[in-house]
Number of protein chains: 2
Amino acid sequence: MLKAIQLLGLSSGSVAYRWKPHGCNGSMSFSINPLSCSTPKTAPTKPPQLLPRSSPSKACSLRVTRFQSTRSESKMDGTSPSASSSSVTVQSAGNVRNIKFCQLCGGPTKHEIPDGEEKIRAICTICGRIAYQNPKMVVGCLIEHDNKVLLCKRNIQPSYGLWTLPAGYLEIGESAAEGAMRETWEEALAEVEVVSPFAQLDIPLIGQTYVIFLAKLKKPHFSPGPESLECQLFSLDDIPFDSLAFSSILVTLKLYAEDVKAGNVKFHYGIIKKRPGSSPSDIRAYTLDHHLQS
Amino acid sequence: MLKAIQLLGLSSGSVAYRWKPHGCNGSMSFSINPLSCSTPKTAPTKPPQLLPRSSPSKACSLRVTRFQSTRSESKMDGTSPSASSSSVTVQSAGNVRNIKFCQLCGGPTKHEIPDGEEKIRAICTICGRIAYQNPKMVVGCLIEHDNKVLLCKRNIQPSYGLWTLPAGYLEIGESAAEGAMRETWEEALAEVEVVSPFAQLDIPLIGQTYVIFLAKLKKPHFSPGPESLECQLFSLDDIPFDSLAFSSILVTLKLYAEDVKAGNVKFHYGIIKKRPGSSPSDIRAYTLDHHLQS
């Protein structure tokens, strides 16, 4: 989908944008401060194993590094190999202290734990509105046709020239299936029908969840949209695993290839944990935790 | 989870809050204006069937009705039967025109279609930041124990006294599985392990997606957290289908009961389309579209 930059989080003195394809006016990007490290004030004591696995201490270790981007940038998993500086590390999302003003009334915010809550939130000092931060869904299609899958070669940074599935952010007001079909139309000019859910892959560090559907072409037609250099069907043995754009796409296609070869395509849930301090260019620097199947 | 009110969307002259348990200081709630009805400017022409099914025209028909709420309010699917006025209708989410100021710099926004995009967005007139709006995930657990399932009776409005699964908004920085376990701890003081993904249910009208996991108790202990009056195990034949809190919970439990009786528990994807103009109190006023299984 053609979009401008999307803000992931903001820290005092540093700014973080999630890159989006097109629409960016010479923007720049920074790694950002870690997740809020607030101590729960009112919630029941939790068993330690229920705490998020991507701990604030690890997030704190992310280096703050600045680099330039181009106008056409990615909306994807923030872990792509396109950064123009080799010192760039995976960016985290969700520093509440970077929300400085209220979207409703423009009042300045304070950063406190609201009554009855557990985490520090940005609270408007004028109208009292609380600005919550929640993960975003990226929706896409894994299109099967003649025992092959459809991939798109990216025409945008990051990951220019690398292969991906058609996918993008879910918009307010649409379902995941509708969003996945829309993105497929925009990126591959392919009219598809979703067949079944295939995977939910969470990437907590960057506040994203991938929701991928198996889909089929309604008509055997596809061609690159503005974000794609080309679109091509690949047999399983020919999938360009060494030229994929994102960790999430690598995981999806590996799971799919394994399922097809085993003769049993399932639904997969998993958590992609990027290796702390790894470069966005290393899409293999991850572990797949909590892998569950249905 | 104990939280204050969460803004769903804002319209000129009217305000819409998604209710959250606790932390609300005598807030009030309104139905809000519909989804942005912008005409795509630059994207490829789409096949009509790829457009979102919850059309703006339907959303536009929602009545604007004001009612009082109490301090303890719901974070759930916005379609519960607790509204204190019988004229309340289901609220929609995502009117971009209600974003009036930039969270980063406090500058006023303009509402235009950015270059290379399709939809009207709120763009800061000072720093150029675009404020995107995306659906939120609600994560929860369907806990199986001794051929029964664990339900919680709500101690908060809306849907006070009605039964639900432990569930709540996914926080930035956590995975869906972690969020579901956290919510279960907070609402049922139950330590659980997620076993498999069970359902993804989108509710586009209100910008929510439910992600429900099958789970099991690590220890056979549970008791009501602050948001629950009581927690109880129910056999399938005793599930209180006439006293459930939300449409999403009704759909989840119906699918589960059908699967168990058929001896094959699957993963389900579906879109809950609330009947336009229906009351939030009518949790059966929906259709389940695009139901897919894995």
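1. Let's start with one side chain. In this predicted model, the side chain of B:Ser228 reaches the backbone oxygen of B:Glu187 at 2.7 Å. To find B:Ser228, look in strand β14 of chain B, which covers residues 228-235. Is B:Ser228 buried or exposed? With a relative accessible area of 9%, B:Ser228 is buried, because buried means under 20%. Leaving aside residues up to four places away in sequence, B:Ser228 touches B:Cys152, B:Lys153, B:Asn155 and B:Glu187.

2. Chain A has a mean pLDDT of 77, and 69% of its residues reach 70 or more. Over residues 1-44 of chain A, however, the pLDDT is below 50, although this stretch has 194 contacts in the model beyond near neighbours in sequence. Residues 78-86 of chain A also have a pLDDT below 50, and that stretch has 33 contacts of this kind. For the complex, the predictor gives an ipTM of 0.76 and a pTM of 0.77.

3. Now for the annotated region. UniProt, in an unreviewed entry, lists residues 134-257 of chain A as "domain: Nudix hydrolase". In the model, this span is 19% helix and 42% strand. Its end C-alpha atoms lie 32 Å apart.

4. How many salt bridges are there over all chains? The count comes to 28. Side chains of opposite charge can pair when their charged atoms come close. One example is A:Lys110 with A:Glu112, where the closest N and O atoms are 3.6 Å apart. A:Lys110 is partly exposed, with a relative accessible area of 34%, and A:Glu112 is partly exposed too, at 39%.

5. A second pair is worth a look for what it connects. A:Lys219 forms a salt bridge with A:Glu191, again with 3.6 Å between the closest N and O atoms. A:Lys219 lies in the loop between β13 (208-217) and β14 (228-235) of chain A, and A:Glu191 in the loop between α2 (176-188) and β12 (192-203), so the pair ties together parts that are 28 residues apart in sequence. A:Lys219 counts as partly exposed, at 45% relative accessibility, whereas A:Glu191 counts as buried, at 8%.

6. Residues 117 and 121 deserve a check in both chains. In chain B, B:Glu117 forms a salt bridge with B:Arg121, the closest N and O atoms being 2.9 Å apart. Both B:Glu117 and B:Arg121 are buried. For chain A, a network of salt bridges links A:Glu117, A:Lys119 and A:Arg121 with B:Glu171.

7. Finally, trace a sheet in chain B. What is the order of its three strands? This open sheet runs β5-β6-β7, with antiparallel pairing. β5 (109-112) and β7 (130-131) stand at the edges with a single partner strand each, so one side of each is left without a neighbour in the sheet. Strand β6 (residues 121-124) pairs with β7 of chain B in the antiparallel sense over two bridges. If you want a residue to look for, B:Ala122 has B:Ala131 in β7 as its bridge partner. As background, strands of a sheet pair through backbone hydrogen bonds.

Key:
Residues are numbered from 1 along each chain as its sequence is written. Chains are lettered from A and ligands numbered from 1 in the order in which they are written. This is a predicted model: local features need pLDDT of at least 70, side-chain atom pairs count only at pLDDT 80 or more; totals for chains, interfaces and linings use all residues. Side-chain values use heavy atoms; hydrogens and water are left out. UniProt positions are given in the numbering used here, feature names are shortened, and annotations may be inferred rather than shown by experiment. Helices (H or I, at least four residues) and strands (E, at least two) are DSSP runs, numbered from the N terminus. Buried means under 20% relative accessible area, exposed over 50%, partly exposed in between (1.4 Å probe, protein chains only). A polar contact is a pair of N or O atoms within 3.5 Å; within protein, one must be able to donate a hydrogen and the other to accept it, and residues adjacent in sequence count only if both atoms are side-chain atoms. Contact means heavy atoms within 4.5 Å. pLDDT is the predictor's confidence in each residue, from 0 to 100. A salt bridge is a side-chain nitrogen of Lys or Arg within 4 Å of a carboxyl oxygen of Asp or Glu. Two strands pair if DSSP finds at least two bridges between them.
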